[in-house]
Amino acid sequence: MTSIDLIRLHRIDMPLVRPFRTSFGTQEARDVLLVEVVSEGVSGWAECVAMEWPGYSHEYVDGAVDVLVEHLIPAVLSDRLLNPHEVHGRMRRFQGHPMAKAALETAVLDAWLRQRGQSLADYLGAVRDEVDCGVSVGIPRSLDALLEEVASYVDAGYRRIKLKIEPGWDVEAVRAVREAWPAMPLQTDANQAYTRDDSDMLAAMDPYGLLLVEQPLPEDDLRGHALLAERIATPVCLDESIISVATADSAIAFGATSVINIKPGRVGGYLEAKAIHDLCLERGIPVWCGGMLETGIGRAANIALAALPGFTLPGDTSASSRYFATDITEPFVLEDGRLRVPTAPGIGVDPIPALLAEFTTWSAEIDLR
Ligand code: NPQ
Ligand code: MG
């Protein structure tokens with residue numbers, strides 16, 4: 001049994017290669033919190049996927065730092081035990097804050113796996129050594145700009161295109177991309193931007209053969225998604241609504257979703273993400289791995305998860321270059337539209353110290369000894 005010596009929090013500011021606009025706002029840089037758990041000279045790493053402000057979900061970086069420092073770390077690591085399952089169980093008594101919890105649990109899991117010499121992919125039950133990659137395309141200035149950006153991703157080898165949509169930027173964008181690439185797997189993501197009254201607007205995209213429409217309605221509206229699913233031909237896929245195995249089970253049973261986007265940060269970590277995967281595999285619900293504009297740290301762990309058998313659709317597991325000119329780790333590079341699953345112990349990658357220092361805007365050390 002090994003002990004945790006200290007925890008370091010690193011906040012880094014990563015410029016994006018281009019602004020990323022969604023129905024909830026525009027990002028020009030990624031404000032990322034990294035959690036480092038140090039045990040017997042081994043560092044475990046994780047990335048908290050919360051945004052700087054509560055746009056995608058209620059979580060945000062300052063809130064994640066506060067709940068980690070003031071509540072989660074003191075309550076679950078007072079005895080310094082390095083055990084991801086124990087950490088998972090102890091965090092259950094705190095409500096909410098899945099992204100903060102996921103970051104702490106994953107950093108502990110990474111340190112624990114590194115000490116055991118086992119990769120995260122192997123530990124989770126990966127069945128592939130590379131994963132098919134898709135890319136998420138933000139809302140651009142114009143249709144011409146959209147076609148130019150999509151062309152660059154098609155040329156790079158991406159195997160699936162996802163268009164961010166909102167009322168006023170939907171059917172025209174889908175039609176333009178479909179006409180230019182008739183056979184490309186294509187899907188949309190509204191990030192909750194539509195209402196129950198918009199089923200005709202959403203049905204207007206049915207003729208374009210989309211794989212799915214992701215989270216068209218507000219996250220709490222499971223019944224709205226079930227009603228919508230009866231009115232449109234395109235499969236409904238939930239993202240924000242799915243926060244646990246129980247919500248996945250409910251959404252499937254209610255007919256609110258026929259595909260699920262699994263994001264470990266959104267559901268409180270890789271253990272919960274794996275459990276949702278297992279449930280979906282049993283129910284015949286295809287899953288794919290979402291993305292939160294992760295650096296190489298979060299990306300590495302997502303690629304391990306995406307190698308599980310139920311991940312039958314390409315994920316938002318893009319190459320580092322989709323978001324960053326310089327990643328904080330060795331960059332993930334697309335090879336024939338796929339990324340290789342890391343095989344080294346734990347998440348299999350480390351921040352490059354000089355780059356970490358360069359991008360860091362704030363850090364803190366919590367000595368548990
Ligand atoms: C989604 N991700 O599937 C999210 C939304 C998203 C790749 O489309 C900073 C941090 C900016 C997280 C923008 C993709 C973000 C973010 C969009 C997440 O819904
Ligand atoms: Mg989404």
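Biologist: So Ala, Val, Leu, Ile, Met, Phe, Trp, Tyr, Cys and Pro count as nonpolar, Asp, Glu, Lys and Arg as charged, and the others, Gly among them, as polar. How do the residues lining the largest pocket divide?

Modeller: There are 8 nonpolar, 9 polar and 9 charged ones. Keep in mind that this is a predicted model, where local features need pLDDT of at least 70, side-chain atom pairs need 80 or more, and totals for linings use all residues. Residues are numbered from 1 along each chain as its sequence is written.

Biologist: And what's a pocket here?

Modeller: On a 1 Å grid over the protein atoms alone, it's an open set of points where a 1.4 Å probe fits, with protein on both sides within 12 Å along at least five of seven lines; lining residues have an atom within 4 Å of a point.

Biologist: Which residues are closest to the centre of the largest one?

Modeller: Gly96, Pro98, Ile243, Ser244 and Val267, out of 26 lining residues.

Biologist: Which helix gives the most to that lining?

Modeller: H3, with 4 residues. Helices H2 (84-91), H3 (98-116) and H10 (264-267) each supply at least two; a helix is a DSSP run of H or I, at least four residues, and a strand is a run of E, at least two.

Biologist: Switching topic: where does the second largest pocket lie?

Modeller: Between domain 1 (6-117 + 353-367) and domain 2 (121-340), because both give residues to its lining.

Biologist: Who's in that lining?

Modeller: Among them are Arg18, Pro19, Phe20, Arg21, Glu148, Glu149 and Arg322. Strand S1 (6-22) and helix H5 (143-156) each give two or more residues, and S1 has the largest share, 4 residues.

Biologist: How do those residues divide?

Modeller: Into 5 nonpolar, 1 polar and 6 charged.

Conventions:
Chains are lettered from A and ligands numbered from 1 in the order in which they are written. Side-chain values use heavy atoms; hydrogens and water are left out. Domain bounds come from an automatic or database domain assignment.
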